Structure formats: C-alpha cells, structure tokens
Amino acid sequence: MENDVKLTQDIDLLMADLFDVLRMVRVQDFNNGMKKLELLEQKFPHYSIIYEMKGMISYLRKNFKEALNFYRKSFGLNPKNREAYRMKVYLEKKFNVNPNSGSEG
C-alpha cells in the first residue's frame with residue numbers, strides 16, 4: 001500500500017513537470033525545458049515520454065541528429081510509442097540514415 005502511494009506521488013510529480021515543460025516549449029524556453037527534462041531523466045530513466053520530449057525540443061531547435069537519437073531512445077524504451085516511431089522514421093528518411101544502425105549517419 002505504501003509503495004502504491006509513493007508510485008502515485010512520483011507519477012503525479014512527473015506529469016506536473018511534463019506539463020511545465022510543455023508550457024516552456026510554448027514560449028520557446030527550450031533551455032529550461034531541457035534542464036527540467038534532464039532532472040526528470042535522472043529520477044525516471046525508463047519513461048519514454050521524457051526522451052520523446054527531449055527529441056521534440058531538439059527538433060524545434062533544429063538539432064535534428066540529436067532529435068533522432070532521443071526519438072530512437074524513446075522508441076527503444078517503448079515500441080508502442082507511435083509519435084516517437086513516426087518522428088524516428090521521418091528523421092531517418094530526412095537524413096538517409098539506416099534505421100538499423102545505431103550511429104548518427
């Protein structure tokens with residue numbers, strides 16, 4: 001029971017922080033958004049949404065190769081993450097990167 005409460009509190013924190021990041025992205029405060037995602041990554045390293053959002057910020061900064069790496073990591077953690085998959089495939093095609101290679105091409 002105590003573990004359930006802790007998990008619920010952790011997920012509430014994660015969700016609140018992810019909404020904060022979205023607010024930052026809307027006003028193009030990409031540096032602080034990325035910093036908040038870095039902190040979340042330390043606490044929740046297995047949540048694909050964090051890497052997907054890092055990919056989104058990298059993409060918006062026009063750092064496409066970095067974005068691809070984040071989308072690949074997100075998809076690797078959760079193969080059912082359709083948005084991460086869609087962006088991964090799009091960026092692989094854009095940069096003519098072999099989808100099976102782990103390198104940046």
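Guide: Start with Leu-60, which has a relative accessibility of 39% and counts as partly exposed.

Visitor: Why is Leu-60 called partly exposed?

Guide: Buried means under 20% relative accessible area and exposed means over 50%, with partly exposed in between (1.4 Å probe, protein chains only). The 39% of Leu-60 falls between those limits, so the label is partly exposed. This is a predicted model, in which local features need pLDDT of at least 70 and side-chain atom pairs count only at pLDDT 80 or more, while totals for chains, interfaces and linings use all residues. Residues are numbered from 1 along each chain as its sequence is written, and side-chain values use heavy atoms, with hydrogens and water left out.

Visitor: Where does Leu-60 sit, and which residues does it touch beyond its sequence neighbours?

Guide: Leu-60 belongs to helix H3; helices are DSSP runs of H or I with at least four residues, numbered from the N terminus. Apart from neighbours within four places in sequence, Leu-60 is in contact (heavy atoms within 4.5 Å) with Val-25 and Phe-30. Phe-30 is 30 residues from Leu-60 in sequence, yet their C-alpha atoms are 8.5 Å apart.

Visitor: What makes H1 and H2 roughly antiparallel?

Guide: The axes of H1 (residues 2-26) and H2 (residues 30-43) come within 8 Å and cross at roughly 165 degrees. That angle makes H1 roughly antiparallel to H2, because angles over 145 degrees count as roughly antiparallel, under 35 as roughly parallel, 65 to 115 as roughly perpendicular and the rest as oblique. The axes are lines fitted to C-alpha atoms over the stretch in contact, and the angle runs from 0 to 180 degrees between N-to-C directions.

Visitor: Which residues make the contact between H1 and H2?

Guide: From H1, they include Lys-6, Asp-10, Leu-13, Leu-14, Asp-17 and Asp-20. From H2, they include Phe-30, Asn-32, Gly-33, Lys-36 and Leu-37. By class, the contact has nine nonpolar, two polar and six charged residues.

Visitor: What classes of residue does the contact of H1 with H3 have?

Guide: The contact of H1 with H3 has eleven nonpolar, no polar and no charged residues. In this scheme Ala, Val, Leu, Ile, Met, Phe, Trp, Tyr, Cys and Pro are nonpolar, Asp, Glu, Lys and Arg are charged, and the others, Gly among them, are polar.

Visitor: How do you know that Lys-6 and Asp-10 form a salt bridge?

Guide: A salt bridge needs a side-chain nitrogen of Lys or Arg within 4 Å of a carboxyl oxygen of Asp or Glu. The closest N and O atoms of Lys-6 and Asp-10 are 3.0 Å apart, so the pair qualifies. Both residues lie in H1, four residues apart, about one turn of the helix. Lys-6 is partly exposed at 44%, whereas Asp-10, at 16%, counts as buried.

Visitor: What makes Lys-88 and Glu-92 buried?

Guide: Their relative accessible areas are 9% for Lys-88 and 5% for Glu-92; each value is under the 20% limit, so both count as buried. Their side chains meet in a salt bridge at 3.2 Å, N to O. The two are four residues apart in H5, about one helical turn.

Visitor: How many salt bridges does the structure hold, and which residues are linked in a network?

Guide: The structure holds ten. Asp-17, Asp-20, Arg-23 and Lys-36 are linked in a network of them.

Visitor: Why is Gln-28 called exposed?

Guide: Gln-28 has a relative accessible area of 62%, which is over 50%, so it is exposed. Gln-28 lies in the loop between H1 and H2 and has a positive phi of about 60 degrees although it is not a glycine.

Visitor: What about Lys-62, buried or exposed?

Guide: Lys-62 is exposed, at 63%. Lys-62 is in the loop between H3 (48-60) and H4 (64-77), and its phi is near 65 degrees, a positive value in a residue other than glycine.
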